[in-house]
Amino acid sequence: MQEINSIPERWYSTKEMCAYLGVTRDTLLTWINEKGMPAHKVGRGWKYKPSEVDAWIRSGKAADE
């Protein structure tokens, strides 16, 4: 059973995720296409869960060449 007071994690837009990570939009899209960064296509745009992106960075996949 879900806690009544638990607030679900919100989705970030591309602009918000760029600000969160301190990178450009082009870098973000490159990471999605070439490095498997977790992102979810919604319509014509992308949405991100910060916890998924943080886990991806911690896993070392962001640094893989």
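## Charge over a ring

The charged end of K49 lies over the ring of W11, 4.5 Å from the ring centre; this requires NZ of Lys or CZ of Arg within 6 Å of the centre and within 35 degrees of the ring normal.

The model is predicted, with local features needing pLDDT of at least 70 and side-chain atom pairs pLDDT 80 or more, while totals for chains, interfaces and linings use all residues. Residues are numbered from 1 along each chain as its sequence is written, and side-chain values use heavy atoms, without hydrogens and water.

## Aromatic pairs

Rings of Phe, Tyr and Trp (its six-membered ring) pair if their centres lie within 6.5 Å; planes under 30 degrees apart are stacked, over 60 edge-to-face, and the rest tilted. The count is 2 aromatic pairs. Y12 and Y20 are edge-to-face, at 5.6 Å centre to centre and 85° between the planes.

W31 and W56 form a tilted pair, because their planes stand at 50°, with centres 5.9 Å apart. This pair links distant parts of the chain, 25 residues apart: W31 is in helix α2 (residues 25–35) and W56 in helix α3 (residues 50–58). Helices are DSSP runs (H or I, at least four residues), numbered from the N terminus.

## Burial

Y12 is buried at 18%, whereas Y20 is partly exposed at 39%.

## Contacts of M17

Beyond its neighbours within four places in sequence, M17 contacts (heavy atoms within 4.5 Å) Y12, L28, M37, Y48, P50 and V53.

How values were computed:
Buried < 20%, exposed > 50% of the residue type's maximum accessible area, 1.4 Å probe, protein only. Helix = DSSP H or I, 4+ residues; strand = E, 2+ residues; numbered from the N terminus.
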